[in-house]
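Please keep the sequence and the model in view while reading.

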Amino acid sequence: MASFGNKADNLKILSDAGFAVPKFYVIDSTFSKKIQSSNIKKALTKDFISWKSKNNVSSVAVRSSSTSEDSREHSFAGQFETVLDVSDQNEFISSLTKVFASKQKAGYVKKSGQMSIVVQEFIEADISGVAFTINPATGASEIIINFAAGRGTKVVEGEEAQQCIYNRVTKKINFSDNSRASSVNKKIINELVSSCLKIENLFDYPQDIEWAIKDSNLYILQARPISTIKQLRLWDSSNIAESFPGTVLP
């Protein structure tokens with residue numbers, strides 16, 4: 001199967017595995033050099049309008065998906081453009097142009113591979129955030145969940161967010177001090193934790209997961225390997241040989 005970049009490939013895997021992934025389609029990298037052609041613009045606009053109508057989608061997120069982005073070696077997190085809540089056809093074409101052009105940022109042209117674009121149904125979230133299936137700073141066996149009301153940009157861009165930590169050994173959930181009055185109840189946290197563990201198992205590697213809650217429904221917006229693990233420690237209470245066949249090192 002041809003790769004459309006790691007973000008798009010991972011979304012397809014998640015969707016096929018039954019996770020609630022917002023509807024999406026991919027514009028492959030060959031269009032990056034043709035985007036200024038009037039005929040190409042007309043064709044892409046026609047496809048966009050048709051896809052929105054067919055899937056009952058009112059607006060989309062336009063996101064990069066390169067063959068090097070979201071890999072175990074490189075995440076390129078925040079380095080490429082993302083445009084949210086795009087509904088107008090003229091805005092759609094300008095969004096494609098912005099995302100394709102962001103690959104040309106100094107220092108990333110050779111490293112970032114071929115860039116496709118994910119056009120994904122935009123979820124105007126009630127609550128959204130990111131979850132790490134292990135602690136990326138220490139490698140501790142805990143799921144770190146950061147979240148805020150509304151769009152996930154508040155969390156991704158470092159604005160004030162609430163946090164809870166799920167200890168994978170004790171199964172306990174602890175909210176940070178500023179999260180005691182959290183609007184995220186334990187039912188949602190438990191559903192998110194369950195999904196995170198399944199996603200990690202699906203990709204067989206600790207994951208950085210972007211998620212959203214809308215009308216009490218959990219959506220998985222993306223999943224990528226954690227690329228900044230400083231010290232990986234996996235705690236397992238079962239037969240280690242069954243969990244990790246082959247040689248196991250500290």
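Residues are numbered from 1 along each chain as its sequence is written, and side-chain values use heavy atoms, with hydrogens and water left out.

The chain has six helices and ten strands; helices (H or I, at least four residues) and strands (E, at least two) are DSSP runs, numbered from the N terminus. Of its 250 residues, 46% are buried, a term for under 20% relative accessible area, whereas exposed stands for over 50% and partly exposed for values in between (1.4 Å probe, protein chains only). Among contacts (heavy atoms within 4.5 Å) with a separation of 6 or more, 62% join residues 24 or more positions apart.

Confidence is given by pLDDT, the predictor's value for each residue, from 0 to 100. Its mean over the chain is 82, and 75% of the residues reach 70 or more. Helix α2 (residues 38-55) has the highest mean, at 97, and helix α6 (residues 240-243) the lowest, at 40. Where pLDDT is low, the predicted coordinates should not be read in detail.

Two packed helices are described by the angle between their axes and the distance between the axes. The axes of α1 (residues 6-16) and α5 (residues 186-203) come within 11 Å and cross at roughly 115 degrees; axes are lines fitted to C-alpha atoms, for helices over the stretch in contact, and angles run from 0 to 180 degrees between N-to-C directions. In this contact, N10, I13 and L14 of α1 meet I199, L202 and F203 of α5. After α1 comes G18, with a positive phi near 100 degrees.

Most residues other than glycine have a negative phi, and most peptide bonds are trans. K171, in the loop between β7 (162-167) and β8 (173-175), has a positive phi near 70 degrees. K171 counts as exposed because its relative accessibility is 54%. S216 lies in the loop between β9 (207-214) and β10, and its phi is also positive, near 70 degrees. S216 is exposed, with a relative accessible area of 61%.

Note on methods:
This is a predicted model: local features need pLDDT of at least 70, side-chain atom pairs count only at pLDDT 80 or more; totals for chains, interfaces and linings use all residues.
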